Amino acid sequence: MDVGVRLQSIRKLKGLSQRELAKRAGVTNSTISMIEKNSVSPSISSLKKVLAGIPMSLVEFFSLDVEQDSQAQVVYRAAELTDICSGAITMKLVGKAHPSRAISFLDETYPSGTDTGDEMYAHEGEEAGMLVSGKLELTVGSEIFILEPGDSYYFESSKPHRFRNPFEQPARLISATTPANF
């Protein structure tokens, strides 16, 4: 496999310049250039660091089909959505294969008694969502909110947060996060 050509193809599919990728990954512009020209063969840790700027895992990098059709998929049927969560909660990702996806757009279902875990999440980016059905508890920082159908939220993802359904009915949430790290 030609790592340099593959990195260049994926970088272009994601709409990133060499300079932008270097900035995001915390490496020099020449590092990206040398990898893409196959002047250097990056170590796994170096490649992982560069891919974090896309963001993309090593598994995705080596398994992604970079031969894209001339047109990106527009409509995603319900059966095509990928559940990216394990356990009782479902998080169905819209547009997983979109070549320049900048957001993670999710259809989430929280059965009664489920939550995102004891530890609160905190990561770069922003999150927004709207509760479609049921009730859901949202904790952001030290504040706890009870969402009901039609209620929505928007916050900086760097604030510690979690979702919980202590209610009897399942809750369905439509959400979006940036960057597209799912």
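Colleague: Which strands pair over four bridges, and in which sense?

Modeller: E5 and E8 pair over four bridges, in the antiparallel sense. Two strands are called paired if DSSP finds at least two bridges between them. Helices (H or I, at least four residues) and strands (E, at least two) are DSSP runs, numbered from the N terminus. One spot to look at here is Leu138, whose bridge partner in E8 is Phe163. Before we go on, this is a predicted model: local features need pLDDT of at least 70, side-chain atom pairs count only at pLDDT 80 or more, and totals for chains, interfaces and linings use all residues. Residues are numbered from 1 along each chain as its sequence is written, and side-chain values use heavy atoms, with hydrogens and water left out.

Colleague: How many bridges join E5 to strand E6?

Modeller: Five, and E5 and E6 (residues 143-147) run antiparallel.

Colleague: Are the residues of E5 buried or exposed?

Modeller: Buried means under 20% relative accessible area, exposed over 50%, and partly exposed in between (1.4 Å probe, protein chains only). In E5, five of its five residues are buried. Leu136, Leu138 and Val140 are on one side, Glu137 and Thr139 on the other, and both faces are covered.

Colleague: Which residues touch the most other members in the largest nonpolar core?

Modeller: A nonpolar core is a set of buried Ala, Val, Leu, Ile, Met, Phe, Trp, Tyr and Cys residues joined through side-chain atoms within 4.5 Å. The largest one here has 15 residues, and Tyr110, Leu131, Leu136, Leu138, Tyr153, Phe163 and Leu173 touch the most other members. Strands E2 (90-94), E3 (104-110), E5 (136-140), E7 and E9 (171-178) each supply at least two residues of this core. E5 gives the most, with three residues. A second, separate core of 13 residues includes Leu7, Leu21, Val50 and Met56.

Colleague: What is the strand order in the open sheet?

Modeller: Read the six strands across as E1-E2-E3-E9-E4-E7, with antiparallel pairing. Strand E1 (82-83) and strand E7 (152-156) stand at the edges with a single partner strand each, so one side of each is left without a neighbour in the sheet. The partner joined to E7 by five bridges is E4 (residues 126-133). Within that pair, Gly129 stands opposite Tyr153.

Colleague: What does Tyr153 touch?

Modeller: Contact means heavy atoms within 4.5 Å. Not counting residues up to four places away in sequence, Tyr153 touches several residues, among them Glu127, Met130, Leu147 and Ser175.

Colleague: Which backbone angles deserve a second look?

Modeller: Most residues other than glycine have a negative phi, and most peptide bonds are trans. Asn38 has a positive phi of about 60° although it is not a glycine. You will find Asn38 in the loop between helix H3 (29-36) and H4, where it is partly exposed at a relative accessible area of 41%.

Colleague: Where are the cis peptide bonds?

Modeller: One joins Ile54 and Pro55, with omega about -15°; Pro55 lies in the loop between helix H4 (44-52) and helix H5 (58-63). Another joins Thr178 and Pro179, with omega about -10°, and Pro179 lies in the segment after E9.
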